[in-house]
Amino acid sequence: MEYRNPEGEREHHVNLLLLEDADNPSKRHYVWIKNISALVSHRTKHDGATYVCNSCLHLFKTQRVLDNHIPYCIQHEPQQVVYPNPQNEKECVLKFRSKHKQHPLPFYLVCDFESFLTPVEREEEEERNSMKKLDVHNVSGFCCNRISSEPKYRTPPKVYSGPDPMTEFYDHVMEESRVISKIMSRQVPMRPMTSDEYKLHEAATECVNCGGRFSDRNLKVRHHDQVSGEYLFPACHKCILQLKPRKAGKKSKYSSDGKENYEENFFLVILLHNLKKIMTPTSC
Ligand SMILES: [Zn+2]
Ligand SMILES: [Zn+2]
């Protein structure tokens, strides 16, 4: 069933339903909907006639409420509710699946920015949607602290206040990324287990990461910290691959003192700035 909305109401309004053959999508047929309220009323417990919005197919109990709704609704594209596929567990069941992300990270950076407000120049003043830009946040400095589970890799926080702080920050983060990647790539072998760790591992019947029971098919493996070499917990052989340190994807996440977007904006500006530097063709 496909739903298409006419652009607003017309003098002669006719609702059509397009039927499609699931096995042969090219086979389609239009039918006239004589009573749209009857067609969609099964979605509510209300047993009387309903007033249907042609743009979102939402049902209203009175014409007055529908009339109030329409001006807001037609500001958006027509909508159709599409339910998740019940055959596909990943689509229809909301579940925490990134189990490897529940363990502490061997390294992360905690950053905070300081900025001051500069009033916008008169000529730069922008008035759009009745919003007036009064001032801009100018970064004046930052602090970046490397946190590591391994004390020997902890460094004093980098504190900077001076000209061009965002370029300085970008260079610092890129340098940290290189240093951390080098440490992570060493993959320290596991140091001998203590007797307590050994007993704990031997007694374990379930994988600490996924909760799956160990068996001949789901083997028990020792998961260790590849930076310190310390034994961490018993895991199944399937999880071991997932738990290996991996390179950060394109969607790396920044989080600093709960003002994610605030700091992200600065970082985005500097990324664009650097991208521009790379992309700008140099005259030769
Ligand atoms: Zn609507
Ligand atoms: Zn597991």
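Visitor: Which residue is the bridge partner of serine 115 in β8?

Guide: This is a predicted model, in which local features need pLDDT of at least 70, side-chain atom pairs count only at pLDDT 80 or more, and totals for chains, interfaces and linings use all residues. Residues are numbered from 1 along each chain as its sequence is written, and chains are lettered from A and ligands numbered from 1 in the order in which they are written. Strands (DSSP runs of E, at least two residues) and helices (H or I, at least four) are numbered from the N terminus. In β8, serine 115 is bridged to valine 139.

Visitor: How many bridges join β5 to β8?

Guide: Two strands pair if DSSP finds at least two bridges between them. β5 and β8 run antiparallel, and the bridges joining them number 13.

Visitor: Why do the buried residues of α4 line one face of the helix?

Guide: A residue is buried if 20 or more other C-beta atoms lie within 10 Å of its own, exposed if 12 or fewer, and partly exposed in between, with C-beta atoms placed from the backbone. In α4, Pro165, Phe169 and Ile180 are buried. Seen down the axis of α4, taking directions from the axis to the C-beta atoms, the buried residues line one face because they fall within an arc of 35°.

Visitor: Is proline 189 buried or exposed?

Guide: Proline 189 sits in the loop between α4 and α5 (195-203). Its C-alpha atom is separated by 5.6 Å from that of glycine 229, 40 residues apart along the chain. With 8 other C-beta atoms within 10 Å, proline 189 is exposed.

Visitor: Which element has the highest mean pLDDT?

Guide: pLDDT is the predictor's confidence in each residue, from 0 to 100. The protein chain averages 81, and 79% of the residues score at least 70. Strand β6 (residues 127-128) has the lowest mean among the elements, 52, and the highest, 96, belongs to β9.
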